Each structure stands twice: as C-alpha cells, then as structure tokens.
Amino acid sequence: MLENYSVIDLFSGVGGLTHGFFLEKFKIDAGIDFDNACKYAFEVNNKAKFIHEDLATLPSNRINSLFTSKYKILVGCAPCQAFSQYNNNEKNDKWKLVYSYGRIIDEIKPEIISMENVPQLQTYKNGKVFKDFVKVLKNNNYSIDYKIVNAQEYGVPQRRKRLILLASRIGQIELIGPTHSHRDYNTVRNAICHLPAILDGESCETDKLHRSRKLSSLNKRRIEATPEGGSWKDWDKSLVLDCHR
C-alpha cells in the first residue's frame, strides 16, 4: 500500500518532519529548502535527495517532476518568524511563503497535504493569510481538518502548541485525538534522565549530542531565581537591570 505514496517536504530544514515519514516506511522523494546547510543532515537521516532552492520562485512543474508514486504527499512548514509571538515583525515578509505553498498546491494538486505552523498564523493580518491558504484548498476540492494541538498531549516532553492542518483529495481526513492526558504526560525528566550529569560547558564523553553551554554566574543566578513556568518577571531588580548580559 505505501508503495503508492511518496513524500516531498517543502521548507524541509534538516528534515524533522520528513523523518517521521521515513520511520513509517514512506518513500521520500525530496526535501527542498533555501538553507543549503541543511543538506547533509537531511540526506543522511532520510536517505533522500535535498534540493537547495527558493520556494518563492521555484516552478511547480519542477517539484511535480520529482514525485515518483501514484499518490503525492506534499508537506510544508513555512518559516514562522513573521507570526511568532516572540519575533512578530511587520517588516518580515516570510509570511509570503504561505502563499508560495498555496501556489504550488494549486498548480500540482497533490493528493494529500500537511501544514504546521505557530497558532498565531490563524490571526496574522486579521486572519487573511491563513484564510487565503484554506480557500486554495477548498477551491481544489480538498477535505480539510485543522486545529491547534498541544504536543504534550501526543507524548512529546514539551508544552508546545502548534496549528496543524491536513487535507486530502482522495477522501475524508482528520487529525487523531490526543494520546496522552495530564495523568500520563511525558516529561523532560523522563526523556533525558538516563543521560549522565554534566556541568555547564561540559560535553558527555559517550554521547556527542549531550553537551551544555557554558553559563555566566549571572545567568546561573537567573535560572535559580526562575520558578517552574516563570520568566524574567520573577527576577529581582539586580538580575533584570543586567538583562543584556
């Protein structure tokens, strides 16, 4: 069954989303991203080609020619900097890449679509950007389901909310419901407690990915002064005044 489906990942980065499909034995046709530094990690981890292109200008027929199976799965997570509550900047025009994704869908009409972004995309520019994207899907007769989900409710050891959209031209499609509740949330402790303890600035001898950045004494004091779920607003004045350090 899966041999009839293949995946292309737009705005792929190093291929985190692609890797989920890879682990589930889908055929990966390509990942496309503007940042060529992602090439090595994408290709090594997903056994698929990485294409260094700007999706704002890449012709759709070039993307379409990369598909090798009957049913095309096109996934994409456009850069979120323009929408993020931490980096919202009217001068950042990366929001236009959502329209690039819509253009590609409109011209290729892949059977299955997936999109992920920060929740703020739904309200950005009074909701116009997201509504225009959904309109493209409706005009092409896609079954659509989208909602804001909390990664914590799906076994991820992180409180992370994201807008997830699925769309299909070959039948009804819907997001699965939560797999975890507050009674069995995974935690950071559960995820990394097997790793040996290291000090700041140290690297683990047996795991190259387990390393810690060297912290200044000031930043250590800030961490100690921050309660669970807290922020810089919980610090005393001596820590806030030096916030640039």
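**Close-up views of a predicted model**

**View 1. Lysine 125 in the loop between β5 and α5.** In this predicted model, lysine 125 is found in the loop that lies between β5 and α5 (128–139). The phi angle of lysine 125 is near 50°, a positive value in a residue other than glycine.

**View 2. Lysine 109 in the loop between α4 and β5.** Lysine 109 is placed in the loop between α4 (96–108) and β5 (112–117). Phi is near 55° at lysine 109, again a positive value in a residue that is not glycine. The relative accessible area of lysine 109 is 32%, so this residue is partly exposed.

**View 3. Packing of helix α1 and helix α2.** Helix α1 comprises residues 16–23 and helix α2 residues 39–46; their axes come within 10 Å and cross at roughly 10°. Helix α1 is therefore roughly parallel to α2, since angles under 35 degrees are assigned to that class.

**View 4. Residues in the contact of α1 with α2.** On the α1 side, the contact is made by Thr18, His19 and Phe22. The α2 side contributes Phe42, Asn45 and Asn46. Sorted by class, the contact of α1 with α2 has two nonpolar residues and four polar residues, and no charged residues.

How values were computed: Residues numbered from 1 in each chain as written. Predicted model: local features only at pLDDT ≥ 70, side-chain atom pairs only at ≥ 80, totals over all residues. Heavy atoms only, no water. Axes fitted to C-alpha atoms, helices over the stretch in contact; angles between N-to-C directions. Helix = DSSP H or I, 4+ residues; strand = E, 2+ residues; numbered from the N terminus. Parallel < 35°, antiparallel > 145°, perpendicular 65-115°, else oblique. Contact = heavy atoms within 4.5 Å. Nonpolar A, V, L, I, M, F, W, Y, C, P; charged D, E, K, R; others polar. Buried < 20%, exposed > 50% of the residue type's maximum accessible area, 1.4 Å probe, protein only.
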